[in-house]
Amino acid sequence: MARFLGIGADELFIKELNYRPFGEGPWVCLNPAADHFIEPVVENLLIKYRRKNKNVNGFFSCSCGFEYMETVTKEQGERSKGQRRFVRVVKYGPLWEAKVWELLESGMGTQEVAARLNADIKTVKRYAFKKEQGKSGKTAEEKGISSAEFEIKKRFHREKWLQIVRENQDKGRLELRRLAKYTCVWLCKNDREWWEKNSLAKKYVQAHSNVGWETRDKEIL
């Protein structure tokens with residue numbers, strides 16, 4: 001067997017052989033919200049074997065809270081240094097979630113946030129909704145906000161919204177929401193009735209199509 005494999009006696013009997021399907025650590029962090037993105041800083045790796053398909057799953061946990069799973073199939077064997085396998089995010093962590101909310105508060109759209117943070121747009125919306133629900137589900141006392149502070153915030157957001165409406169008379173609600181996303185979210189959660197009264201009516205725009213449907217129908221037919 002040693003001759004067949006081309007292994008010398010020293011390597012066969014003395015050298016300790018370890019199966020490392022994901023190579024030597026440390027491994028890279030795949031958290032786009034972290035300042036160490038794509039840097040080899042991950043030292044925690046948990047390897048699990050699946051009996052059903054003989055695949056090997058590696059769970060990589062970074063100190064920033066980001067955790068992802070990488071899979072190596074039986075046919076693929078050990079991963080070479082520059083080779084990547086199937087990767088799935090297990091947990092985004094508090095740093096990533098905070099970055100989502102920060103970008104949304106700055107007025108950035110969910111689609112752009114998703115592209116910047118390498119996530120699905122539904123995931124971004126889910127975390128944003130979860131954050132907003134957590135904020136709205138608490139009373140002012142639980143949040144540590146006094147009634148005076150709440151009134152100051154309400155006055156600030158009302159004035160900001162009225163200014164946006166005045167300066168953009170030709171725009172509908174959707175466009176206005178994009179211009180003052182955080183203010184709109186705050187008012188919808190905390191001052192909905194006032195926001196409804198002081199928002200422009202929904203605008204219905206007739207979609208214009210440049211497609212010549214008669215010609216296309218004939219071509220397809």
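A charge sits over a ring when NZ of Lys or CZ of Arg is within 6 Å of the ring centre and within 35 degrees of the ring normal. This is a predicted model, in which local features need pLDDT of at least 70 and side-chain atom pairs count only at pLDDT 80 or more, while totals for chains, interfaces and linings use all residues. Residues are numbered from 1 along each chain as its sequence is written, and side-chain values use heavy atoms, leaving out hydrogens and water.

**View 1. Lys-48 over the ring of Phe-59.** Here the charged end of Lys-48 lies 5.2 Å from the centre of the Phe-59 ring.

**View 2. An aromatic cluster that includes Phe-22, Phe-60, Phe-66 and Tyr-68.** Rings of Phe, Tyr and Trp (its six-membered ring) pair if their centres lie within 6.5 Å; planes under 30 degrees apart are stacked, over 60 edge-to-face and the rest tilted. The count by this rule is seven aromatic pairs. One of them, Phe-22 with Phe-60, is edge-to-face, at 5.4 Å centre to centre and 90° between the planes. Its partners are 38 residues apart: Phe-22 is in the loop between α2 and β1, and Phe-60 in strand β4. (Helices, H or I of at least four residues, and strands, E of at least two, are DSSP runs numbered from the N terminus.) Phe-66 and Tyr-68 make a tilted pair, because their ring centres are 6.4 Å apart and their planes at 50°. Trp-27, Tyr-92 and Trp-96 also belong to the cluster.

**View 3. The largest nonpolar core, with 28 residues.** Such a core is a set of buried Ala, Val, Leu, Ile, Met, Phe, Trp, Tyr and Cys residues joined through side-chain atoms within 4.5 Å; buried means under 20% relative accessible area, exposed over 50%, and partly exposed in between (1.4 Å probe, protein chains only). Trp-96, Val-100, Val-113 and Leu-117 have the most contacts inside it. Helix α3 gives the largest share, five residues. Setting aside neighbours within four places in sequence, Val-100 is in contact (heavy atoms within 4.5 Å) with Val-113, Leu-117 and Val-124.

**View 4. Helix α7, residues 147-167.** Lys-154, His-157, Trp-161, Ile-164 and Val-165 are buried in α7. They lie on the same side of the helix because they cover an arc of only 95° around the axis, taken from the directions from the helix axis to the C-beta atoms. On the other side, Glu-159, Arg-166 and Glu-167 are exposed. The cover over the buried residues includes α8, α9 and α10.

Technical notes: Expected span 1.5 Å × (residues − 1).
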